[in-house]
Every structure is written in structure tokens, then in C-alpha cells.
Amino acid sequence: MSLIRWMPVTRAAAIHAVTTHAELVGAFAQIYPAVWDALQEQGPPELGQVIAVYHSIGDDELVLSAGMEVAADFEPLEPLARLDLGGCDAGVIDHFGPYLFEDFRRSQATLEAELALQNRVATGLVIERYLTMPDAEPDQSKWHTEIWLPLA
């Protein structure tokens, strides 16, 4: 079930990347450990959810940021970049299942269709918040992700 909700202001520490659909899993496999290592060195007071933010989803090229939500007053240092999100209405849908790009895009398309019925337009930014970590839950059907589409 999807709906429109207020997306609270959130800060993330992330690494920006440009990759392809074919190289996405490998890119995440490099980015997330690098984010984790940098956060351990920089010592933020509070960590939130793991996220991926797609700035652009092309036929082959993906422009994205991957990282973790952090406390509002935390200023990440290189190699991390600060990413401020939210503070707006957004469409949101819950996705359950494996972390597969095409499955996420199907959930996103469902949300976009429902938003169109309500005459609402997304900004083009796609935010995935991974609420279940694979190492904590072996059953992929239980993996829970929120997909947020900020609205114009």
C-alpha cells in the first residue's frame, strides 16, 4: 500500500557514484563498506538506516549516493558527502523481498502510477531506506525497504 506522507528532514553521510545497471551490485559492495569505515573513524553520535538515493536512473547509467542516515548536527568529512533529504511531501511504498534493482523499479512504478491518479508529480529523486539487513534476516521475503519519491 502506498500513500503520501510528510518526509521528515534527514541527513545522510554518503558516497556519490556513477555506475551502470550491470555494475550496481559491485558498486554497492564497494561503497557501503567504505561508508561504514569512514563513519567509524569520524564517530557520528547517532546512525540511522542504510540508504540509497538515485539522482538519475537512465537506460544504463545510474547516478546515485549510498550511505547511512546520521544525526542532524553531524558534518561528514571526505570521503563522505553530506546529503540533506526530506522536508517535503513524498509518496512512499513498502517493498518486501530481495534487494533486486528490477523489483525495486516495479514497486516504484506502482507508486508512480498511484501518484499520477492523484495528479501528484515526483521530483525524480528516488530514496530507498533499507529497514532489514540481510545479515539479520536470512529469509529474503521478509526484507523490508521503504521507497520514497519526494513530490514537486
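A residue is counted as buried when its relative accessible area is under 20%. H144 is therefore buried, with a relative accessible area of 18%. The structure described here is a predicted model, and the values below were computed from it.

H144 lies in strand β8. Not counting residues up to four places away in sequence, H144 touches D94, H95, F96, Y99, R129, Y130, L131 and T132. One of these, Y99, is 45 residues from H144 in sequence, while the two C-alpha atoms are 9.0 Å apart in space.

A probe the size of a water molecule, rolled over the atoms, shows where empty space is left. The largest pocket holds about 520 Å³ of space. This pocket is lined by 20 residues, and F28, Y32, Y99, Y130 and P134 are the closest to its centre. Two or more lining residues come from each of α1 (24-42), β3 (47-57), α2 (101-117) and β7 (126-130). The greatest share of the lining of the largest pocket is given by α1, with eight residues. Sorted by class, the lining of the largest pocket comprises 18 nonpolar residues, two charged residues and no polar ones.

The structure also holds one cavity of 30 Å³ or more. About 30 Å³ of space lies in the largest cavity. The residues that line the largest cavity are M7, T10, I51, E69, L85, I127 and R129. In this lining, four residues are nonpolar, one is polar and two are charged.

In soluble globular proteins, nonpolar side chains tend to be buried together. In the present model, the largest nonpolar core has 31 residues, and F28, I31, L39, Y54 and L64 have the most contacts inside it. The elements giving two or more residues to this core are β2 (10-20), α1, β3, β4 (61-70), α2, β7 and β8 (144-150). Helix α1 gives the most to this core, with eight residues. Another core, of 11 residues, lies apart from the largest one and includes A14, V53, L85 and I127. Of these, L85 and I127 also line the largest cavity.

Leaving aside its neighbours within four places in sequence, F28 is in contact with P33, A52, Y54, L64, A66 and Y130.

Helix α2 has 17 residues. From its first C-alpha to its last, α2 reaches 25 Å, close to the 24 Å expected at 1.5 Å a residue. The buried residues in α2 are F101, D103, F104, R105, S107, Q108, L111 and L115. An α-helix has 3.6 residues a turn, so residues three or four places apart point the same way.

R105 is placed in helix α2. With a relative accessibility of 13%, R105 counts as buried, because the cut-off for a buried residue is under 20%. When neighbours within four places in sequence are left aside, R105 is in contact with Y54, I57, V126 and E128. R105 and I147 are separated by 42 residues in sequence, and their C-alpha atoms are 9.6 Å apart in space.

After helix α2 comes N119, found in the loop between α2 and β7. N119 has a positive phi of about 55° although it is not a glycine. The relative accessibility of N119 is 69%, so N119 counts as exposed, the limit for that class being over 50%.

A further local feature of the backbone is the cis peptide bond that joins E78 and P79, with omega about 10°. P79 is found in the loop between β4 and β5 (81-85).

How values were computed: Residues numbered from 1 in each chain as written. Predicted model: local features only at pLDDT ≥ 70, side-chain atom pairs only at ≥ 80, totals over all residues. Heavy atoms only, no water. 1 Å grid on protein atoms, 1.4 Å probe; cavity = no way out; pocket = protein on both sides within 12 Å on 5 of 7 lines; lining within 4 Å. Points joined across faces, edges and corners; volume = space filled by probe spheres on them. Helix = DSSP H or I, 4+ residues; strand = E, 2+ residues; numbered from the N terminus. Nonpolar A, V, L, I, M, F, W, Y, C, P; charged D, E, K, R; others polar. Core = buried A, V, L, I, M, F, W, Y, C linked by side-chain atoms within 4.5 Å. Buried < 20%, exposed > 50% of the residue type's maximum accessible area, 1.4 Å probe, protein only. Contact = heavy atoms within 4.5 Å. Expected span 1.5 Å × (residues − 1).
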